[in-house]
Amino acid sequence: SDCLSVNEKGHLTISGCDTVALAEQYGTPLYVMSEDKIRDTCRRYKASIDRYYGGNGAPIYASKAFSCKEICRIVTSEGLDLEVVSGGELFTALSAGVDAKHIHFQGNNKSLREIEYAIESGVGDIVVDNLSELCRIEKISAEKGVVTSISMRIKPGIDAHTHEFIRTGQIDSKFGFALETGEAFEAVREAVRAEHVELIGLHCHIGSQIFDKSPFVLAAEVMLAFYNKIYAELGKKLTHLNLGGGFGIKYKDADAAVAYEDYMNDVSAAVHASCEKYGLTIPKIYIEPGRSIVGEAGITLYTVGDIKTIPQVRTYVAIDGGMYDNPRYALYQSDYTCLIANRADQPANFKATIAGKCCESGDLIQENTMIQKPEIGDILAVLSTGAYNYSMASNYNRNVKPACVMICDGQSRVIIKGETYEDLIRNDL
Ligand code: LLP
């Protein structure tokens, strides 16, 4: 990522900070994020909405990628809205001072308590997943004497090519209403009829880590056709269209260099063409990226504790973190670029399997990956860990979650403290 470089000592740097010095100052494992990079990406998304839709709409940061108070503050200060999918993410956003009107509440099985909390907080948009939820929102809104703004989560029936656990737009998905079966249209009819909800728009999300632009274009077309049908057949004029997130990022050199502007350009052409075709006013357009806002802005630093060579098989390089701070290889066999941060200027000619410290064989960060020749005590950096690492971390084996440090203008500051052993037993009785 463009926030990374190598200094005269041969050390990896992030936004002008020496990662080896960071490891020394804060200890390892350590999440490090570049504020400069996050802000830059937010501005690029924002500029696309301005450019293609005259600012009519907004990028929404999907906070599941990395939710904490400081990141909520940073992205919303750049004019992004925020997506939350649980009471906990909502609480985090509100605690950070995010304006509830700019929060979109998603999720396929929001609890009664979460729905109440969202309505009480005045969340700007609840994205409804199913009919029971619609009834619950209507009932709670009626009890409270309010009208709640909602959108409908639609499965556009598009199968984006990505890992099966993270694709969501096809018909066999637990998320949202299906178009093909008529379910979505019936749900919209119900929502229009309901007195204490105001249906403002539609939402779809076709998957994650997608490089191909065509499924996004297709989704926009399918969604606008449905948007038009709602006006044509029910006389209901919607105003919002949220086309979801899912833009791919670079984990390995071989991954495509992503220009978000490219997706935005093609999708916007489809949006404009469809609106023209149906004679529709262009809705407020929202996109909902998570990974691409924080992913490449983050790295994780570890210390190498042991190097175990199994002759003719492989060499395990053991680090002081693992699946408890980054479960993505264990879950999805995800790609990562690893390197020795204190010898980043040396050739990566050593084949290593990076092993975590959890008590199971599957606790790996990467297998047979090329790094600089490792030594015990080296700092190992794993790149593009800003998304779905901290947010998916656990206390497995009662490991403590590492601290997170934010870098801005060459200065570092802690934005999340590392957990302590006391934190681990805080709720034990
Ligand atoms: N909107 C909705 C409704 C979503 O479900 C998601 C991601 C996003 C937006 C943001 O997608 P993104 O731009 O981050 O791709 N844990 C998996 C990723 C799960 C994505 C879930 N939904 C991983 O580590 O790869």
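Author: Count neighbours. A residue is buried if 20 or more other C-beta atoms lie within 10 Å of its own, exposed if 12 or fewer, and partly exposed in between; the C-beta atoms are placed from the backbone. Asn 397 has 14 C-beta neighbours inside 10 Å, so Asn 397 counts as partly exposed.

Reader: What should I know about the model itself?

Author: The model is predicted: local features need pLDDT of at least 70, side-chain atom pairs count only at pLDDT 80 or more, and totals for chains, interfaces and linings use all residues. Residues are numbered from 1 along each chain as its sequence is written.

Reader: Where is Asn 397 found?

Author: Look at the elements on either side. Helices (H or I, at least four residues) and strands (E, at least two) are DSSP runs, numbered from the N terminus. Asn 397 sits in the loop between strand S19 (379-383) and strand S20 (403-408). Its backbone deserves a look too. Asn 397 is not glycine, yet its phi is positive, near 60°.

Reader: Which value does phi of Asp 409 have?

Author: A positive one, near 50°, again in a residue other than glycine. Asp 409 lies in the loop between S20 and strand S21 (411-416). Is Asp 409 buried or exposed? Exposed, because 9 other C-beta atoms lie within 10 Å.

Reader: Is the peptide bond from Thr 28 to Pro 29 cis or trans?

Author: Read omega. Here omega is near -10°, and the bond is cis. Pro 29 belongs to the loop between helix H1 (19-26) and strand S4 (30-34).

Reader: Now a pair of helices. At what angle do the axes of H8 and H9 cross?

Author: Axes are lines fitted to C-alpha atoms, for helices over the stretch in contact, and angles run from 0 to 180 degrees between N-to-C directions. The axes of H8 (residues 214-234) and H9 (residues 260-278) cross at roughly 25° and come within 9 Å. Therefore H8 and H9 are roughly parallel (under 35 degrees; over 145 is roughly antiparallel, 65 to 115 roughly perpendicular, the rest oblique).

Reader: How do H5 and H6 cross?

Author: At roughly 50°, with the axes of H5 (residues 112-121) and H6 (residues 131-144) within 10 Å. H5 and H6 are therefore oblique. The crossing is right-handed. Ile 115 and Ile 119 in H5 are among the meeting residues, and so are Ile 137 and Ile 140 in H6. The contact divides into five nonpolar, one polar and three charged residues.

Reader: Last, which residues come nearest to the ligand?

Author: A residue is near a molecule if its C-beta atom, placed from the backbone, lies within 6 Å of it. The ligand has 19 residues around it; Ser 208, Gly 245, Gly 290, Arg 291 and Tyr 388 come nearest. The shell holds six nonpolar, nine polar and four charged residues.

Notes: Ala, Val, Leu, Ile, Met, Phe, Trp, Tyr, Cys and Pro count as nonpolar, Asp, Glu, Lys and Arg as charged, and the others, Gly among them, as polar. A crossing is left-handed if the near helix is turned anticlockwise from the far one by less than a right angle, and right-handed if clockwise. Two residues are in contact if their C-beta atoms, placed from the backbone, lie within 7 Å.
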